Amino acid sequence: MLKDLDPAATTDAAPAPAGIASAEAATEVQEYLARQNSKDLLRFITCGSVDDGKSTLIGRLLYDCKCLFEDQLASLETDSTRFGTTGAGQLDLALLVDGLAAEREQGITIDVAYRFFTTDRRKFIVADTPGHEQYTRNMVTGASTADAAVLLVDARKGVLTQTRRHSTIVSLLGVRHVVLAVNKMDAVGWDRETFERIAADYRVFAQRIGIAEVTCIPVSALTGDNVTKPSQSMGWYGGPTLLGHLESVDAAAQETLGSFRMAVQWVNRPNQDFRGFAGTVVGGAVRVGDAVAILPGGRTTRVARIVTLDGDLELAVPGRAVTLVLADEVDASRGDMIVAADGRPEVADQFAAHVVWMDEQPLLPGRSYLLRAGTATVGAQVTELKHAVNVNTQEHVAAKHLDLNDVGFCNLALDRPIPFDAYADSRDTGSFILIDRLTNATAGCGMIRFPLRRASNIHRHASKLDKAARAGGLQKPAVLWFTGLSGSGKSSVADRLEQELHRLGRRTMILDGDNVRHGLNRDLGFTDEDRVENIRRVAEVAKLMVEAGLIVLVSFISPFREERRMARSLVEDGEFLEIFMDTPLAVCEARDPKGLYKKARAGQLPHFTGIDSAYEPPEAPEITLHGAERTADEMVAQMVEELRRRGVI
Amino acid sequence: MLDTVLDTRPDPTAALLAPDALPDARLGHLQRLEAESIHIMREVAAQFHNPVMLYSVGKDSAVLLHLAMKAFHPSKPPFPLLHVDTTWKFREMIAFRDRMAADLGVELIVHINQDGVRQGIGPFSHGSAVHTDVMKTQALKQALDRHGFDAAFGGARRDEEKSRAKERIFSFRTASHRWEPKNQRPELWNLYNGRIHKGESIRVFPLSNWTELDIWQYIHQEAIPVVPLYFAKPRPVVERDGALIMVDDDRLPLKPGETPEIAWVRFRTLGCYPLTGAVRSTAATLPEIIREMLLATSSERQGRVIDQDAAASMEAKKQEGYF
């Protein structure tokens, strides 16, 4: 930074009265700021395996670009003595970026660190991302906003599994510029052949996973060779330094889309005379007078005003945050997208996408998640997991679920249609995250490939009769969902209750876990994935029976809260009664009516609920039955009374 | 002095740097940062029931407030400002705070930890660590709990400090306001997940990607009013442990033989006056401040006595609920 200004102007220690230096400072600073503001910004990530020297490399860039202050250098010296791994008297530059106490103690990077530096030509934000496999999701966080990726490999080790994994993620997330920095060249005697062998190896791999262009650079972060200054020790290398290359790659977001889009974030209504839609322009510019459509609805209108605090604009370019006023009184709200009328995105409720899973709980097809795309939040499930991707070889492998850090290619179905583009055309409108409904964790992220049209050819048939008519005034149709451990008494209570309801002249049907598994669900086993699908099918059948006007008694262990929530969501409010058979495991196991606990304890029945598969008890069941303390008749009486109270019978 | 600093007439130099003077095709560096911050603020307004903006009266808060005015124009920002007053702030900060809130017509909540006041907690009697914990961290938690805020904006930047460099833009806090640095939510693209359970909250940092230079450049470009303490003028100071402490009121106990000296000084950061060191400077205008900063050899946090208490002290304080 020093070089941009004349230090002589201010190093004069004598305090001058304010104002004298002010005029020249104003001119000087004004010129400086104009230069600064015309610089563009490159965001890049560094990634690689443990101990490849990523943090050291970033430390080196900051150090060589003179972006460190004296007090930071002083504390670096202290820290180097205390935690350093580079030996006595040497600065351990990695300590500049490893900011968390645990990272400094363990000498590893756990989470992304963002660092800032500026050269004469460009401003940089660098995200230092972790190498450890268990922190891959943090690397994905860094990659999602990066224009370029610097992949480090240790010259002594060559391309490792982690490098391949990171390359796959970089490719999936559409990072355009990839640099392979072959580090620690000092440790291999600056050997040209070593470098060329690793570079050739990597180019073959990169091409296979769809990375079009790779720049390979031999460096030493420790000594600084080819990081910011050309190496004296590697005269055989004729290419750019790492910094030189990063200064020259094209940083402009390559908008292949060309058409305006704006997800509505917030509706601005200060008074009755103003109604504006706030959001960020992406994809293409928008002008006053442009014809726009509001999706997914499809109403069209024109842009009347582009409002900002600094005055109305005639035109807003991509990246700008604006408030649009539309010519007609049209209904638009958060989650809608305002788009160029003549260049519209896809609108669908099903699409195919790559998903990176980032949660400890596996992704299970059929389970319902929340999907955030732009500003829209909708319910979504993976309807088909087509394959997982082996990140080392890019091979497609069959998978029934995705574990933490797995990558898969899936079909997803949403509660309602949303507008989107392919991720390859737009990061802004082709990306989404998946949120766990119970924990609210960001469990996965996805890149949309293409829409699926199947839904549009199947139209719902509206029936003239409704369920109340079908129930014939006898009853209010409902699902009585019995959940509890095997042997808790679900089936016997449900059975007796059905007999009692029948005696009272009500129309009923019973769905029993064991019976359904002999027919409709005979293709399913007892893994978590199959249990989810088992419940999904039964819930759909129960819904049809409610439509038929029946009281449906469902007797299933249904161990997961999320699936019971899903079953509840299929029918209307008040139609779903969750009945918790709260019988302690010890009692169930002592009863063991089918001898299943004995088998499970002997290891002959894997995935048995309560033994080696979890049961998640309901948090707020409508009815709790204490199976160990009440007789079946007492529980039936309790149920009948409850059904009367709720107006079911 | 106050008047020239608070003067919001357009700076003649601003025209050259103003966003719309640039060609249409691409956003400049500051416009990009501005747009990103506005996007984040609107997400918070849309995703939360009861957000609040922490207003510390410093330069970062000034930029934050300016951006909020832009994000929601022609509406006012749909959230109040919250100032946690330790009762040891510079007097000029308090005056400036009240004036800004009145001028902009935004709601200002001032919270003081009355338990701490009753116990007579202060930086001299109890040391900076206890004072900061009770009057700042605990006070902040009290205020957030009392009003049931589910999201709180802060002006922290990733370039300030190492543990800040690791923090998400939407940073999750448990019901007891704790930060779990090793288990942060992944944050992809600009899709911010603000979903929380009752009692939990999110701290939001719209200035994450700004640097100190960006802040001053933007203040200059947009002619944003800042507290006069940032500008040099003769002030009464005493030198202690290498830091220049301003004698802002008569609560500063003078040691034997200590006489306040009148010196040309200014502040690079603002906080509690006994804990904030001044720098010797004659920079009395924004361009002079920017020039001085470009030539500086120490980082802005150096003036903060509280950061130097222990290694990784910021991370520890943040885990406890400090901003």
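I started with E239(B), which forms a salt bridge with R280(B), the closest N and O atoms being 3.9 Å apart. I count a salt bridge when a side-chain nitrogen of Lys or Arg lies within 4 Å of a carboxyl oxygen of Asp or Glu. The pair links distant parts of the chain, with E239(B) in strand β7 (residues 233-240) of chain B and R280(B) in strand β10 (residues 279-280) of chain B, 41 residues apart. Helices (H or I, at least four residues) and strands (E, at least two) are DSSP runs, numbered from the N terminus. R280(B) is partly exposed, at a relative accessible area of 47%. For accessibility, buried is under 20% relative accessible area, exposed is over 50%, and partly exposed is in between (1.4 Å probe, protein chains only).

I noted the ground rules. The model is predicted, local features need pLDDT of at least 70, side-chain atom pairs count only at pLDDT 80 or more, and totals for chains, interfaces and linings use all residues. Residues are numbered from 1 along each chain as its sequence is written, chains are lettered from A and ligands numbered from 1 in the order in which they are written, and side-chain values use heavy atoms, with hydrogens and water left out.

**Other salt bridges**

I searched the whole structure and got 47 salt bridges over all chains. D331(A) lies in the loop between β14 (321-326) and β15 (337-340) of chain A, and R275(A) in the loop between β8 (266-268) and β9 (276-280) of chain A, so the pair ties together parts that are 56 residues apart in sequence. D331(A) is exposed at 65% relative accessibility, while R275(A) is partly exposed at 25%.

D249(B) is buried, with a relative accessible area of 18%, and R251(B) is partly exposed at 34%. I also noted a network of salt bridges that links D154(A), R156(A), K157(A) and K184(A).

**Antiparallel sheet in chain A**

I traced an open sheet of seven strands, in the order β7-β15-β11-β12-β14-β9-β8 (chain A), with antiparallel pairing. Two strands pair if DSSP finds at least two bridges between them. β7 (261-263) and β8 of chain A are the edge strands, each pairing on one side only. The twist averages 40° from one strand to the next. Between β9(A) and β14(A) there are four bridges in the antiparallel sense, and A278(A) has T323(A) in β14(A) as its bridge partner. Helix α3 (residues 29-47) of chain B packs on this sheet, touching β8, β9 and β14 of chain A, and its direction makes about 60° with that of β14(A). Contact here means heavy atoms within 4.5 Å. Axes are lines fitted to C-alpha atoms, for helices over the stretch in contact, and angles run from 0 to 180 degrees between N-to-C directions.

**Parallel sheet in chain A**

I then traced an open sheet of five strands with parallel pairing, ordered β24-β25-β23-β26-β27 (chain A). β24 (508-512) and β27 (623-625) of chain A stand at the edges with a single partner strand each, so one side of each is left without a neighbour in the sheet. Three bridges join β26 (residues 576-581) of chain A to β27(A), and M581(A) has L625(A) as its bridge partner. I found helix α14 (residues 561-570) of chain A across β23 (478-483) and β26 of chain A, at about 150° to β26(A). Helix α17 (residues 632-645) of chain A lies across β23, β26 and β27 of chain A, at about 170° to β27(A).

**Helix pair in chain B**

I looked up helix α8 (residues 212-222) and helix α9 (residues 286-294) of chain B, whose axes come within 10 Å and cross at roughly 165°. α8(B) and α9(B) are therefore roughly antiparallel, a term for angles over 145 degrees. Residues making the contact include W216(B) and H220(B) of α8(B) and I290(B) and M293(B) of α9(B). Eight of the nine residues of α9(B) are buried, so α9(B) is largely enclosed by the rest of the structure. Among the buried ones I noted E288(B) and R291(B).

Note on methods. Angles under 35 degrees count as roughly parallel, over 145 as roughly antiparallel, 65 to 115 as roughly perpendicular and the rest as oblique.
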